[in-house]
Amino acid sequence: EYRAHPMYRRIVVWCLVSPLIWTLPGMPDFVTLTLAANSGQVVLLPLLAGGLWWITASSEFIGEKYRTRWWENAILAVLFCLAVYGAIQSARVLFGGLSGL
């Protein structure tokens, strides 16, 4: 029974209490938090794209029959480059402030 595990209870309490911090006076508004969270997700996108490319290109993980072909690898390379470019631009805005826009 996973509900009896102490870590489950900690995660539930964290998920219920942590959003209340943003309701305190002087905290950022909802739009700022949304932009910051989405920028953070864009920074992680190259890890997902690279991991997907690695798994699908390796016969060790997916098998020789289902491994990606050369043109699929080319498409994944373009998408990976776009993800890296987006992550760099997002990190500049996120960590450099909005003055660079």
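User: Hi! Before we start, what does "buried" mean here?
Analyst: Hello! A residue counts as buried when its relative accessible area is under 20%. In this predicted model, buried residues make up 11% of the 101 residues in the protein chain.

User: Thanks. What is the mean pLDDT of the chain?
Analyst: The mean pLDDT is 86, and 95% of the residues reach 70 or more.

User: Which elements have the lowest and the highest mean pLDDT?
Analyst: Helix H2, residues 30-57, has the lowest mean at 86. The highest belongs to helix H1, residues 6-17, with 92.

User: How many helices and strands are there?
Analyst: The protein chain has four helices and zero strands, and along the sequence the pattern reads α-α-α-α.

User: Is the chain spread out or compact?
Analyst: Spread out: the radius of gyration is 20 Å, well over the 13 Å that the globule rule gives for 101 residues, so the protein chain is more spread out than a compact globule. Along its principal axes, the C-alpha trace spans about 55 × 50 × 15 Å.

User: And what share of the contacts comes from residues 24 or more positions apart?
Analyst: Counting contacts with a separation of 6 or more, such residues account for 48%.

User: Now some single residues. Where is Ser58?
Analyst: Ser58 sits in the loop between H2 and helix H3, which covers 59-62.

User: Buried or exposed, that Ser58?
Analyst: Ser58 counts as buried, because its relative accessibility is 16% and the cut-off for buried is under 20%.

User: Which residues does Ser58 touch?
Analyst: Leaving out residues up to four places away in sequence, Ser58 touches Gly63 and Arg67.

User: Great. What about Gly86, where is that one?
Analyst: Gly86 is in helix H4, residues 70-96.

User: And how does Gly86 count in terms of accessibility, given that value of 22%?
Analyst: At 22% relative accessibility, Gly86 counts as partly exposed.

User: One last thing: what separates the C-alpha atoms of Gly86 and Val42?
Analyst: Those C-alpha atoms are separated by 6.7 Å, with Gly86 and Val42 being 44 residues apart along the chain.

How values were computed:
Residues are numbered from 1 along each chain as its sequence is written. This is a predicted model: local features need pLDDT of at least 70, side-chain atom pairs count only at pLDDT 80 or more; totals for chains, interfaces and linings use all residues. Side-chain values use heavy atoms; hydrogens and water are left out. pLDDT is the predictor's confidence in each residue, from 0 to 100. Helices (H or I, at least four residues) and strands (E, at least two) are DSSP runs, numbered from the N terminus. The radius of gyration is taken over C-alpha atoms; the globule rule is 2.2 Å times the number of residues to the power 0.38. Buried means under 20% relative accessible area, exposed over 50%, partly exposed in between (1.4 Å probe, protein chains only). Contact means heavy atoms within 4.5 Å.
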